[in-house]
Amino acid sequence: MALWARDLERVCRFYVEHLGAEAGGLYVNEAKGFRSRFLSWDDGARMEVMHRADLAPAREGAAGWAHVALSVGSETAVDEAAARLGRAGVEVVDGPRRTGDGYYEC
């Protein structure tokens, strides 16, 4: 899962202090004005909390849930899933690609 947040550190503190998450290191992409942290729980669940410089407080709908990620097991499986979805008429918006923080996604 991923969540857009206007105040990245405040949201991360909430999940750490109140819901038992462990916060990973800060990822920064200066070129895109993007920052994120991954939160993880003992059972293996993970959530990315993301912030982008253009998420102004007055912008309606700017913060909130961004995506849900599912592991399919390998880069090959990601490629195959993207091809299968494309053939089925599903718009593949981005990828497959390697993200700046090391994930292979589509």
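**Close-up views of a predicted model**

**View 1. Asp 54 is partly exposed, with a relative accessible area of 42%.** Buried means under 20% relative accessible area, exposed means over 50%, and partly exposed is in between (1.4 Å probe, protein chains only). Arg 52 is also partly exposed, at 24%. The side chains of Asp 54 and Arg 52 meet in a salt bridge, 2.5 Å from N to O. A salt bridge here is a side-chain nitrogen of Lys or Arg within 4 Å of a carboxyl oxygen of Asp or Glu. By this rule, the count is five salt bridges.

This is a predicted model, with residues numbered from 1 along each chain as its sequence is written. Local features need pLDDT of at least 70, side-chain atom pairs count only at pLDDT 80 or more, totals for chains, interfaces and linings use all residues, and side-chain values use heavy atoms, leaving out hydrogens and water.

**View 2. Arg 37 and Glu 9 pair up through their side chains in a salt bridge of 3.0 Å, N to O.** Arg 37 sits in strand β4 (residues 34-40) and Glu 9 in helix α1 (residues 8-19), so the pair ties together parts 28 residues apart in sequence. Helices (H or I, at least four residues) and strands (E, at least two) are DSSP runs, numbered from the N terminus. Buried or partly exposed: which is Arg 37? Arg 37 is buried, at 17% relative accessible area. Glu 9 is partly exposed, at 27%.

**View 3. Glu 75 forms a salt bridge with Arg 98, with the closest N and O atoms 2.0 Å apart.** Glu 75 lies in helix α2 (residues 75-87) and Arg 98 in strand β7 (residues 97-98), so the pair links parts 23 residues apart in sequence. Both ends are partly exposed: Glu 75 at 40% and Arg 98 at 43%. Elsewhere, salt bridges with shared partners join Asp 94, Arg 97 and Glu 105 into one network.

**View 4. A cis peptide bond joins Gly 95 and Pro 96, with omega about 5°.** Pro 96 is in the loop between α2 and β7.

**View 5. The largest nonpolar core has nine residues, among them Leu 3, Leu 8, Tyr 15, Leu 39 and Met 47.** Such a core is a set of buried Ala, Val, Leu, Ile, Met, Phe, Trp, Tyr and Cys residues joined through side-chain atoms within 4.5 Å. Helix α1 gives the most to this core, with three residues. A second, separate core has five residues, including Trp 4, Phe 34, Met 50 and Leu 55.
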